[in-house]
Amino acid sequence: MSRLWIVGLGPGDRRLRTAEAEAVLAQATDLVGYGPYVARVEAPAHVVRHISDNREELARAAHALTLAAAGRRVAVVSSGDAGVFAMASAVFEAMEAGDPAWRALDVQVVPGVSAVLAAAARVGAPLGGDFCVISLSDNLKPWPVILRRLRAAAEAGFVLALYNPVSAARPWQLGEALALLRDLLPGSVPVLFATAVSRPEERIRLATLAEADPADADMRTILLVGSALTRTIERPDGAPWLYTRRSVPPG
Ligand code: SAH
């Protein structure tokens with residue numbers, strides 16, 4: 001019977017992939033996704049790999065729906081969680097606009113460990129209070145909207161997780177975002193640069209907002225910007241712990 005699974009592969013390390021993700025991947029006849037993510041999935045030779053460029057999400061989603069409608073068992077794969085700045089929305093957007101028969105398909109979204117959770121776990125508990133997740137990519141939304149959301153979230157006291165901080169085509173956005181945050185928050189607020197978390201090339205850097213350097217980020221980096229309630233605990237050896245208090249003072 002045809003199926004369409006939309007699967008989050010986790011941040012990198014296979015041990016951070018859920019058992020449910022492994023189980024559905026083992027049943028797929030077709031894997032659809034951005035090349036490096038499809039390459040992460042081990043599968044027998046008869047499984048067909050449909051690889052596409054990262055900017056072709058809607059066409060890729062329509063292709064996956066077409067394959068499933070033709071009776072294939074299709075897994076659309078994304079890194080982290082497929083619903084967080086990834087393929088799941090594209091599949092539903094294609095479904096809404098496409099062949100009405102696609103709505104009858106057996107579709108299942110399989111959650112994954114998103115980068116924000118993997119990065120937070122490396123340094124302690126920075127997401128213990130309310131937090132806000134924002135993508136700095138202006139490929140799909142205007143830059144002024146991103147600045148407006150950053151400002152609102154910082155003023156409201158959220159810890160911020162910033163996905164997609166830089167790419168070759170978007171070299172200046174992170175610098176501008178940090179400059180805005182410096183106007184709104186104390187310079188002592190901790191800023192975590194977590195790159196390629198759980199992969200062999202993992203790099204974790206902790207700075208203050210005053211010193212945070214955009215050059216510490218690349219396409220594989222997520223930033224966590226603390227709030228006034230985020231604390232650091234120095235340790236005799238090794239990097240400090242970071243946590244955000246759950247109790248918020250009145251006022
Ligand atoms: N669906 C993914 C996010 C895709 S957007 C998820 O839930 O994690 C791509 C962005 O995710 C990257 O620019 C980076 O900000 C972040 N990212 C993905 N994997 C990462 C990892 N292993 N370490 C740090 N950040 C990561």
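**Backbone exceptions and salt bridges**

At a relative accessibility of 12%, S198 counts as buried, a term that stands for under 20% relative accessible area, with exposed meaning over 50% and partly exposed lying in between (1.4 Å probe, protein chains only). The model is predicted, and therefore local features need pLDDT of at least 70 and side-chain atom pairs count only at pLDDT 80 or more, while totals for chains, interfaces and linings use all residues. Residues are numbered from 1 along each chain as its sequence is written, and side-chain values use heavy atoms, with hydrogens and water left out.

Although S198 is not a glycine, its phi is positive, at about 75°, and the residue is found in the loop between β9 (190-195) and β10 (203-208); helices (H or I, at least four residues) and strands (E, at least two) are DSSP runs, numbered from the N terminus. N164, also not a glycine, has a positive phi of about 50° and is found in the loop between β8 (159-163) and α7 (173-184), where, at 30% relative accessibility, N164 counts as partly exposed.

Salt bridges, in which a side-chain nitrogen of Lys or Arg is within 4 Å of a carboxyl oxygen of Asp or Glu, come to a count of 11. R220 forms one with E201, the closest N and O atoms being 3.6 Å apart, and this pair links distant parts of the chain, 19 residues apart, with R220 in the loop between β10 and β11 (221-225) and E201 in the loop between β9 and β10. R220 forms a salt bridge with D218 as well, at 2.5 Å between the closest N and O atoms.

A network of salt bridges links R14, R17, E22 and E42, and within it the side chains of R17 and E22 meet at 3.5 Å, N to O. R17 counts as buried at 9% relative accessibility, whereas E22 is partly exposed at 24%.
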